[in-house]
Amino acid sequence: MAATLPTRILQAQTESLCPHDFLANLVHDELNRRADRLIERRVKHAGFRDRGRTLDNFDFAFNPRMDKKLIFELASCRFVAEHQDGLFLGPPGTGKSHLAQAIGFAAIHHGYDVLYREAHTLVEQMADATLDGTRKDYLKQIGSVHLLVIDDLGMRKLPHTAAEDLLEVIMRRYERVSTIMTSNRPVEDWGKLLGDNAAVSALLDRLLHHAHVLKCGPKSYRTRAGKPDHEALASTR
């Protein structure tokens, strides 16, 4: 309250506020500050790659065929309350990561805990947890967060254990909490991508059961000004 006390005193004098209204304003300021700090902590804990990615700065006009109704429905976070999932598919540079992080940010404002991990980072962290004996605790954390965003599946080559690791994550979360996955590869290619058709089939069976599928694109935001699409180049290496 001390931070806004001088301003509120001046307001009380200028507007001849009664003591009750003066104190109510101070309490309101403190509650707002606490809410802001809680959101800041949750955003930091989420680990977004790009913390400034919101729906406010997403260019919906660039790809007018994208399902805007679905995007805003997901941003309402009803799917999180109903323990449903999301799958964002499309070529590199079409806004999948931006939208996934924006919806994660919206979920935080709706009071949910969120974790963001690129697919290769999630698999690496699971491998590290296995080596140091903390895999059970790590999976408990990953398995219980309200919304887990697994971004950029297909951007980097993953180890041979990736399919089973991702399946274990999805199985723990299935119909309990919500997951968003993004990929620049169609689901038909995931078996070849991850090298385990059986595990991928089981993963997709659960992920798609209650999933909202968003097709992004087709145009790349990175090439609209004639700039090279580094993500596309990286995916071909």
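I looked up Glu168 and found it partly exposed, because its relative accessible area is 26% (buried means under 20%, exposed over 50%, partly exposed in between, with a 1.4 Å probe and protein chains only). The model is predicted: local features need pLDDT of at least 70, side-chain atom pairs count only at pLDDT 80 or more, and totals for chains, interfaces and linings use all residues. Residues are numbered from 1 along each chain as its sequence is written, and side-chain values use heavy atoms, with hydrogens and water left out.

The side chain of Glu168 meets that of Arg135 in a salt bridge, 2.7 Å from N to O (a side-chain nitrogen of Lys or Arg within 4 Å of a carboxyl oxygen of Asp or Glu). Glu168 is in helix H8 and Arg135 in helix H7, 33 residues apart (helices are DSSP runs of H or I with at least four residues, strands are runs of E with at least two, numbered from the N terminus).

Arg135 also forms a salt bridge with Asp165, with the closest N and O atoms 3.1 Å apart. Arg135 lies in H7 (residues 135-144) and Asp165 in H8 (residues 162-173), so this pair ties together parts 30 residues apart in sequence. I noted Arg135 as partly exposed because its relative accessibility is 22%, and Asp165 as buried because its value is 8%.

**Other salt bridges**

I searched the whole structure and got 11 salt bridges. In one of them, Asp152 and Arg49 meet at 2.8 Å, N to O. Asp152 is in strand S3 and Arg49 in the loop between H2 and helix H3 (68-75), 103 residues apart. Asp152 counts as buried because its relative accessibility is 11%; Arg49, at 35%, is partly exposed. I then found Arg49, Asp50, Arg53, Glu118, Asp151 and Asp152 linked in a network of salt bridges.

**The sheet**

I counted 11 helices and 5 strands in the protein. Which order do the strands of the open sheet take? I read S2-S3-S4-S1-S5, with parallel pairing (two strands pair if DSSP finds at least two bridges between them). S2 and S5 (211-215) are the edge strands, each pairing on one side only.

S2 (residues 114-118) pairs with S3 (residues 147-153) in the parallel sense over 5 bridges. Leu115 has Leu148 in S3 as its bridge partner. I found 4 of the 5 residues of S2 buried.

Leu214 lies in S5. Leu214 counts as buried because its relative accessible area is 1%. I put its C-alpha atom 7.9 Å from that of Met66, 148 residues apart along the chain.

**Cysteines**

How many disulfides are there? I got 0 (a disulfide is a pair of cysteine sulfur atoms within 2.5 Å). Cys216 is in none, and the nearest cysteine sulfur, that of Cys77, is 17 Å away. Cys216 is buried because its relative accessibility is 6%, whereas Cys18, at 35%, is partly exposed.

**Leu31**

Is Leu31 buried or exposed? I found Leu31 exposed because its relative accessibility is 51%. Leu31 is in helix H2 (residues 19-46).

**Whole protein**

I noted that buried residues make up 43% of the 237 residues. The C-alpha trace spans about 70 × 50 × 30 Å along its principal axes.
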